[in-house]
Amino acid sequence: MRRDDAMARGPFETLNEQQYQAATFGQVGRGTVESGPVLIIAGAGTGKTMTLAHRTAFLLIQGVAAERILMLTFSRRAAREMSERAVNVAAMHLSRKRGGSVPVKLDWSGTFHSVGSRLLRIYARSIGLDPGFTIIDQGDSADLMDLLRHELEFTREERRFPRKSTCADIYSQCVNRQTALEDILDTHYPWCIDWKDELAELFRAYVKAKQYQNLLDYDDLLLHWMWLCENRELADAVSMQFDHILVDEYQDTNALQSRILTLLRPNGKGLTVVGDDAQSIYAFRAAEVENILQFPGTFTPPAEVISLEQNYRSCQPILDLSNALLAESPRAYRKTLRAEKPGGCAPQLISVESDLEQAEYIVGQVLTARESGIDLRDQAVLFRNGHHSDRLEIELVRRDIPYVKYGGLKFLESAHVKDALSILRWGANPKNRVAGFRVLKLIPGIGPALASRTLDHLAANDYTFSAFSAYRITHGEEEMWVELSDLLRRLSDKDQPWNGQLEQVRKWYQPVMELNYNDHYIRNGDIEQLEMISGQYANREQFLAELTLDPPVACGDLAGMPHLDDDFLVLSTIHSAKGQEWRNVFVLNVNDGNFPNEFACGDDKRIEEERRLLYVAMTRAKESLSLIRPLKYWVPEQAKHGDKHVYGAKSRFLTPTVMKHLAVKAYGKIHSGKINISKRKEIMNVRDRAASMF
DNA sequence: CACCCAAACTTTTTT
DNA sequence: AGTTTGGGTG
């Protein structure tokens with residue numbers, strides 16, 4: 001078939017030459033597309049999502065069934081977007097041609113973790129797993145580590161044992177990198193090296209505990225999927241379900257993920273991966289840039305490589321700066337981004353006195369831009385660490401500027417939400433000791449020891465909650481205890497409808513919040529919000545699984561959470577800004593210590609990743625880019641005496657070659673002896689408040 | 001044994 | 001600034 005004739009028209013005419021090559025790669029047969037492995041190197045802003053969506057649409061148009069396409073993405077949001085766009089493009093074409101069967105969505109589109117969880121529920125029995133497993137998030141996994149490290153009495157040693165989240169991190173690195181504990185400690189956690197034996201023992205206990213309690217952590221979803229595929233028959237069964245496997249953000253896959261792909265597609269047939277090595281920023285989560293660099297060579301004949309370099313997002317001066325930054329990094333896929341849009345002005349490097357002036361400067365610039373017609377939602381402030389925006393947030397609240405913050409503290413991580421979910425999880429799975437422990441300690445008078453004994457009693461009675469009705473607790477609120485055991489019995493009853501379960505949980509939990517939190521009315525609102533969300537799920541298992549795999553982004557206690565159609569400024573960590581774009585972008589704290597982060601120094605590979613992080617931040621900007629550099633900035637490190645400010649050196653990434661593309665500016669009085677404007681405002685504010693007291 | 005308080009310690013980014 | 005541990009009290 002001469003697909004050029006057939007396809008050049010219709011939905012594919014908007015693609016440029018490389019995008020078109022990528023989208024239509026492969027030999028078209030009757031209802032099939034035969035294609036070897038292909039790697040699409042998609043630079044920032046080169047229409048990656050559009051290309052991948054069009055490739056999927058191409059497959060659908062050629063007659064590949066939607067349920068035979070596996071789309072693996074980095075986030076749920078990306079999965080949804082990709083599915084929608086692909087289906088729309090295909091529908092546009094198909095309805096014009098024959099009006100025949102138009103797929104509504106891609107059945108198998110999701111993150112590695114969510115697809116893994118789905119496959120494991122199907123194949124659980126064949127690998128000796130109970131399909132009713134509970135998925136636990138990073139926090140739960142850390143809590144379980146905490147319980148075990150106390151049980152093993154590692155916390156009683158003279159030197160302090162690594163904190164619970166560090167233990168969980170180390171374990172996760174070992175699994176995801178498929179590397180021995182000793183090597184992980186050597187390269188990533190040298191300060192924990194003395195605890196090697198204890199950590200190994202802790203991890204053995206952790207694995208046992210998870211198995212006993214029927215829990216899977218994030219890493220288990222990948223690990224068990226891989227094990228599933230290591231069995232030839234099962235691998236074939238999974239593999240034969242799909243004609244095509246497409247992987248987005250391939251540069252951020254880890255050893256487990258690439259191994260799973262290799263097992264599913266040993267010869268690479270029907271495998272399409274998309275990514276940009278220059279945007280690999282998840283090494284801390286065990287991502288391997290090497291995966292994308294070595295992808296072509298892992299097959300014989302090697303995979304086809306198609307490079308997209310035409311940039312549709314930014315103006316040329318921004319790309320010149322980004323290209324210059326990246327040119328100083330040694331890497332395999334050289335690319336020079338070219339702008340489609342003409343004109344544009346040079347990116348700026350602004351020096352300010354401290355984080356206070358930084359916040360003030362941004363607020364001023366954002367408001368000026370809005371007056372000139374750029375909505376707040378077209379502007380974003382990006383930063384390295386979640387807390388870097390603290391100062392700015394205070395300023396924004398004070399000046400009544402609405403904003404949404406991505407990254408940082410999440411809804412699901414707040415204590416009250418975890419409490420409520422733990423009650424639900426415990427009801428769903430009485431063996432879940434972490435959840436039970438957490439819930440029991442909520443009752444005044446019940447501490448770790450009593451909670452532990454109560455859990456033992458439950459275990460001794462075959463994990464039936466009715467055993468609690470005869471069980472008296474020595475001290476502790478009698479009434480709350482009785483109500484809790486009642487609630488748990490109802491929750492564990494299989495005939496109990498899902499509808500209304502969260503309401504029952506909230507009714508029991510409300511007094512606990514009122515007791516513990518001053519802001520309980522705000523937190524109660526969060527639980528009510530959770531209740532609303534729960535209505536969208538068919539059953540409890542689905543709700544709990546989806547919520548851990550795809551947590552809601554924003555936390556409700558933001559000062560008046562902006563409604564979606566309102567105008568608001570976007571604050572985001574660079575990691576959470578991936579794939580997004582704004583007309584106007586500010587990058588905070590561009591100094592050595594943040595770019596690169598002080599903890600990343602000493603290791604060349606990690607420094608390169610930090611450079612790429614700055615690259616990702618820069619390439620989010622469409623029209624205007626401002627890098628801000630405070631001369632003095634706040635460090636939350638232990639400060640022995642007095643001043644917690646530190647003088648930040650200029651980022652080592654801003655070399656003379658890179659500086660050529662930056663317009664240098666200073667804001668405010670850099671050497672200040674006098675009190676500056678913003679400080680005076682703060683004093684005024686305090687005076688007003690003092691006066692209003694009487 | 002639970003709870004409160006003080007002291008010591010702390011590695012960022014997230015599915 | 002937030003977390004974790006240890007000591008003292010009821």
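The model is predicted: local features need pLDDT of at least 70, side-chain atom pairs count only at pLDDT 80 or more, and totals for chains, interfaces and linings use all residues. Residues are numbered from 1 along each chain as its sequence is written, while chains are lettered from A and ligands numbered from 1 in the order in which they are written.

Helices (H or I, at least four residues) and strands (E, at least two) are DSSP runs, numbered from the N terminus. Axes are lines fitted to C-alpha atoms, for helices over the stretch in contact, and angles run from 0 to 180 degrees between N-to-C directions. Two residues are in contact if their C-beta atoms, placed from the backbone, lie within 7 Å.

Two strands pair if DSSP finds at least two bridges between them. Strand E3 (residues 38–42) and E10 run parallel and are joined by 5 bridges. In this pair, Ile40 stands opposite Ile306 of E10.

**The chain as a whole**

Chain A has 26 helices and 20 strands. A residue is buried if 20 or more other C-beta atoms lie within 10 Å of its own, exposed if 12 or fewer, and partly exposed in between, with C-beta atoms placed from the backbone. By this count, 41% of the 694 residues of chain A are buried. Among contacts in chain A between residues at least 6 apart in sequence, 77% join residues at least 24 apart.

**Helix packing and a covered helix**

Two packed helices are described by the angle between their axes and the distance between the axes. For helix H17 (residues 415–428) and helix H20 (residues 478–492), the angle is about 55° and the axes are 8 Å apart. H17 and H20 are therefore oblique to each other; angles under 35 degrees count as roughly parallel, over 145 as roughly antiparallel, 65 to 115 as roughly perpendicular and the rest as oblique. Leu424, Trp426 and Gly427 of H17 make the contact with Leu488, Leu491 and Ser492 of H20.

Helix H12 (residues 255–264) is mostly covered, with 7 of its 10 residues buried. The buried residues of H12 are Leu256, Gln257, Ser258, Ile260, Leu261, Leu263 and Leu264.

**Local backbone features**

| Cis peptide bond | Omega |
|---|---|
| Thr300 to Pro301 | about -10° |
| Phe595 to Pro596 | near 5° |

Pro301 lies in the loop between helix H13 (289–293) and E10. Pro596 is in the loop between strand E17 (582–587) and helix H24 (604–618).

Asn214 is not a glycine, yet has a positive phi of about 60°. Its loop runs between H9 and strand E7 (215–217). With 15 other C-beta atoms within 10 Å, Asn214 is partly exposed. Ala286, also not a glycine, has a positive phi of about 80°. Ala286 sits in the loop between E9 and H13 and is buried, with 23 other C-beta atoms within 10 Å.

**Single residues**

Leu152 lies in the loop between helix H6 (138–151) and helix H7 (164–177). Leu152 has 14 other C-beta atoms within 10 Å and is partly exposed. Neighbours within four places in sequence aside, Leu152 is in contact with Glu201, Leu202 and Ala205. Leu152 and Gly63 are 89 residues apart in sequence and 58 Å apart in space, C-alpha to C-alpha.

Phe203 is found in helix H9 (residues 196–213). Phe203 counts as partly exposed, with 18 C-beta neighbours inside 10 Å. Between Phe203 and Ala577 there are 374 residues in sequence and 34 Å in space, C-alpha to C-alpha.
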